[in-house]
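Look over the sequence and the fold before reading on.

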Amino acid sequence: MDTGIAVDTASGIATDAATDVAMDLKQAMRQRHTVRKFTSKPLSPELISQLNDRVRANNERLGLAISLKVGDESALPGALKLFFAKGVRNYFVLAGSDRPGLDEDLGYASADLMLFAQTLGLNTWWIGGMFSRKNVEQAVPGKKVIGIVAVGFGVTPGVAHKSKTAAEVSSYEGPAPQWFADGVQAALLAPTALNRQCFRIAGAGNKVSISENGGAFSGADIGIVKYHFELGAGNKFEWA
């Protein structure tokens with residue numbers, strides 16, 4: 001099966017083989033915002049097939065067990081659906097066999113899925129601590145679940161979150177090249193736990209590293225930020 005995904009050997013990013021699709025991902029990165037309320041419009045069979053192909057590609061590349069649940073309203077507790085969210089009935093289960101680096105890989109894959117969904121005209125919401133774990137884990141017995149990503153047609157496209165500046169989250173030894181600046185700007189568009197952006201990006205030459213403050217979702221946050229940085233910077237660097 002040809003998924004249209006290629007792995008850049010320099011940075012490890014999952015990019016699209018076609019340039020126009022890659023540009024769609026960059027555009028999606030700028031347009032994607034968290035959406036917590038969705039319409040009742042169902043996902044078409046074609047959309048479901050495209051999303052499942054993308055899930056399969058990420059699972060095969062990173063050794064994960066992500067799955068797409070469609071038409072299931074059991075992921076969120078009743079109080080949350082009543083006061084904070086609406087219409088969450090489709091979602092990705094972010095799961096895999098427990099191992100070192102799993103959270104980061106799931107975060108990385110979730111970033112790809114969110115932006116890919118955005119290119120299809122869909123909206124998303126990364127949910128970490130507020131989902132019904134018992135109900136969700138039934139879909140992936142024996143696997144570790146770190147969260148879900150709601151996906152569907154948003155009531156609104158969402159709004160941009162308040163963002164830190166590049167200087168607050170990054171540093172570079174010497175004058176920063178344009179690719180580093182572009183990568184940091186892309187990283188600032190990434191969704192992180194509570195939108196706190198508690199990451200730090202450091203660069204020297206063509207080497208880049210990302211650190212986090214060790215919070216509950218730090219591993220997933222690093223994966224999400226890495227994906228965004230790679231999408232912005234391209235293949236002009238290597239992870240330290």
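The largest cavity in this predicted model has a volume of about 40 Å³. On a 1 Å grid over the protein atoms alone, a cavity is a set of points where a 1.4 Å probe fits but cannot get out, and lining residues have an atom within 4 Å of a point. Grid points are joined across faces, edges and corners, and the volume is the space filled by probe spheres set on the points. The structure holds one cavity of 30 Å³ or more. Its lining includes Phe 38, Lys 41, Arg 89, Asn 90 and Val 151. By class, three lining residues are nonpolar, five are polar and two are charged. Here Ala, Val, Leu, Ile, Met, Phe, Trp, Tyr, Cys and Pro count as nonpolar, Asp, Glu, Lys and Arg as charged, and the others, Gly among them, as polar.

Residues are numbered from 1 along each chain as its sequence is written, and side-chain values use heavy atoms, with hydrogens and water left out. Because the model is predicted, local features need pLDDT of at least 70 and side-chain atom pairs count only at pLDDT 80 or more, while totals for chains, interfaces and linings use all residues.

The pLDDT is the predictor's confidence in each residue, from 0 to 100. The protein chain averages 90, and 90% of the residues score at least 70. Over residues 1-19 the pLDDT stays under 50. Where pLDDT is low, the predicted coordinates should not be read in detail.

Next come the sheets. Helices (H or I, at least four residues) and strands (E, at least two) are DSSP runs, numbered from the N terminus, and two strands pair if DSSP finds at least two bridges between them. Five bridges join S5 to strand S6 (residues 144-152), and Ile 127 stands opposite Ile 148 in S6. Contact means heavy atoms within 4.5 Å.

Another open sheet of four strands has the order S7-S8-S9-S10, with mixed pairing. Strand S7 (170-172) and strand S10 (238-239) each have a single partner strand, so one side of each is left without a neighbour in the sheet. Strand S8 (residues 199-204) and strand S9 (residues 207-212) are antiparallel and share six bridges; Arg 200 stands opposite Ser 211 in S9. Helix H7 (residues 178-187) lies across S7, S8 and S9, at about 170 degrees to S8. Helix H8 (residues 218-233) lies across S8, S9 and S10, at about 150 degrees to S9. Axes are lines fitted to C-alpha atoms, for helices over the stretch in contact, and angles run from 0 to 180 degrees between N-to-C directions.

A pocket is an open set of points with protein on both sides within 12 Å along at least five of seven lines. Of its 24 lining residues, Thr 192, Ala 193, Leu 194, Asn 195 and Phe 217 are the closest to its centre.
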